[in-house]
Amino acid sequence: MEWQNSAAPRRKSRQINVGGVKIGGDAPISVQSMTSTDTLDEEATLGQIRALSDAGADIVRVSVPSLEAAQSFGRICKSSPVPLVADIHFDYRIAIACAQNGASALRINPGNIGSAERIEAVCQAARDYGLPIRVGVNSGSLDKDLLEKYKDPTPEAMVEAAMRAAEVLEEHDFSDYAFSVKASELNLCVASYELLARKTDAPLHLGITEAGGLRGGTVLSSIGISWLLREGIGDTIRVSLAADPVEEVKVGWAILKSMHLRTRGVDVVACPTCARRGIDVVSTVRELEDRLADITAPLKLAVMGCVVNGPGEALRADLAVCGGKNGRCLIYEDGELQGKIAVEDVLEVLEKRVREKITRINSNIIKIQGNK
Ligand code: SF4
């Protein structure tokens, strides 16, 4: 459908490779998150990385605040199911240690990593181990001279900080980098990315930094990230929430799925319910989302309270249930009415049908591949 692709064409960016996950060019827009555990607690950190991977994170960033943490980071890298980016502030020696210890990329903030010589040293370590670098500019830690020049963190100041860091990397013939220019102020953040997108073909990592808690951060991140993606800007995203980072991954995927940029897992369409409902939509949706969280194949499920809008949504869903009369619900598959079931059987029947459908889709894919 034409309207599904009505966003601006994607900006042409060069490509980097983060431990096998490509970012930029024609690579799918990847979803990133970051651990919130103490990196020295290797078991907890690895547990969170696995949870993030299960939720769909393509790449996970780990903060490495000390040389001791760089040793833990190295051991974590060995067991991680996804590529890890080492996040380093202040001490360039930690970046070098992480490069040696198995990082798939380095993230530095040029505003606090120090002199050009130190950035150069990090650059050399990245080159030695074939790692890309993300230059992460943040409105809260701009160079003093830029703040003096621009008075405030402005898009121009943010972009100048990014380009300044890039110049240092380029002087060392190092072009394997991506940028982020994050701010917690939405308009500043979006304007900074828009300006930067016109100045470079490096891949862009999108995020609204320090966006807030689950609700506020989700709203702010969704507006900012989708605004830019709709302009064709952005190659990888990180939703930043003061919440369980697994939520960041879920929100990241919800953004990409809503914009028809990627597909993953079961999408549930549900009505807000009203007095007409013949099924408790809210609890049914909550329970189904939990039961079906392990599914990665894309599938659309509609849970509708009654026949006012239910049959219409069922037409556009792989499976649908619609509240009816006398404790009965209508069940649909591929838009076709299959029959009626009791309300109390809805969860069991829908879960079973979803899993059967996924199995059929997967076996058809295997058959098609076998016939090639
Ligand atoms: S589909 Fe029915 S129950 Fe749901 S909001 Fe609309 S009228 Fe109400």
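Helices and strands here are DSSP runs, numbered from the N terminus. With that in hand, take Thr273. Thr273 lies in the loop between strand β11, residues 266-270, and helix α11. Keep that residue in mind.

One caution before we go on. What you see above is a predicted model.

Let's start with the overall layout. The protein is divided into domain 1, residues 10-258, and domain 2, residues 266-371. How far apart are the centres of domain 1 and domain 2? Taken over C-alpha atoms, 38 Å separate them.

Now the ligand. Which residues surround the ligand? They are Cys271, Thr273, Cys274, Arg276, Arg277, Gly305, Cys306, Val308 and Asn309. That shell divides into four nonpolar, three polar and two charged residues.

Look at its backbone. Thr273 has a positive phi of about 70 degrees, although Thr273 is not a glycine. Is Thr273 buried, exposed or partly exposed? Its relative accessibility is 23%, so Thr273 counts as partly exposed. The cut-offs matter here: buried means under 20%, and exposed means over 50%.

Phe90 is not a glycine either, and its phi is positive, near 70 degrees. Phe90 sits in the loop between β5, residues 84-88, and α3, residues 92-101. At 59% relative accessibility, Phe90 counts as exposed.

Next topic: charge pairs. Side chains of opposite charge can pair when their charged atoms come close. How many salt bridges does the structure hold? The count is 26. I will walk through a few.

Start with Asp235 and Arg10. Their side chains meet in a salt bridge, at 3.0 Å from N to O. This pair links distant parts of the chain, 225 residues apart. Asp235 is in the loop between α9 and β10, residues 236-238. Arg10 is in the segment before β1, residues 16-18. Asp235 has a relative accessible area of 0%, so Asp235 is buried. Arg10 is at 29%, so Arg10 counts as partly exposed.

Move on to Glu348 and Arg291. These two form a salt bridge, with the closest N and O atoms 3.2 Å apart. Glu348 lies in helix α13, residues 346-371, and Arg291 in helix α11, residues 281-291, so the pair ties together parts that are 57 residues apart in sequence. Glu348 is partly exposed, with a relative accessible area of 48%. Arg291 is partly exposed too, at 22%.

Glu287, Arg291, Asp294, Glu348, Glu351 and Arg355 are linked in a network of salt bridges. Find Arg291 and Glu348 in that list.

One more pair: Arg360 and Glu333. Their side chains meet in a salt bridge at 2.8 Å, N to O. The two residues are 27 residues apart, with Arg360 in helix α13 and Glu333 in strand β14, residues 328-333. Arg360 has 41% relative accessibility, so Arg360 counts as partly exposed. Glu333 has a relative accessible area of 13%, so Glu333 is buried.

Now to the surface. Which residues form a nonpolar patch there? Val219, Ile223 and Trp227 do, with about 250 Å² of accessible area together. Pick out Trp227. Trp227 is found in helix α9, residues 214-230. Its relative accessible area is 34%, so Trp227 is partly exposed.

Last stop: two buried residues. Ala57 is in the loop between α1, residues 42-55, and β4, residues 59-63. With a relative accessible area of 5%, Ala57 is buried. Ala57 and Ser104 are 47 residues apart along the chain, and their C-alpha atoms are separated by 15 Å.

Val137 lies in strand β7, residues 133-138. At 3% relative accessibility, Val137 counts as buried. Where is Leu186 relative to Val137? The two are 49 residues apart in sequence and 15 Å apart in space, C-alpha to C-alpha.

To recap. The model is predicted, and the protein is divided into domain 1 and domain 2. The structure holds 26 salt bridges. That's my time.

Methods:
Residues numbered from 1 in each chain as written. Predicted model: local features only at pLDDT ≥ 70, side-chain atom pairs only at ≥ 80, totals over all residues. Heavy atoms only, no water. Patch = residues over 30% accessible without salt bridge, like charges linked within 9 Å, V, L, I, M, F, W, Y side chains within 5 Å. Areas by Shrake-Rupley, 256 points an atom, 1.4 Å probe, with all protein chains shown as cover. Salt bridge = Lys/Arg side-chain N within 4 Å of Asp/Glu carboxyl O. Helix = DSSP H or I, 4+ residues; strand = E, 2+ residues; numbered from the N terminus. Buried < 20%, exposed > 50% of the residue type's maximum accessible area, 1.4 Å probe, protein only. Domains from an automatic or database assignment. Near = heavy atom within 4 Å. Nonpolar A, V, L, I, M, F, W, Y, C, P; charged D, E, K, R; others polar.
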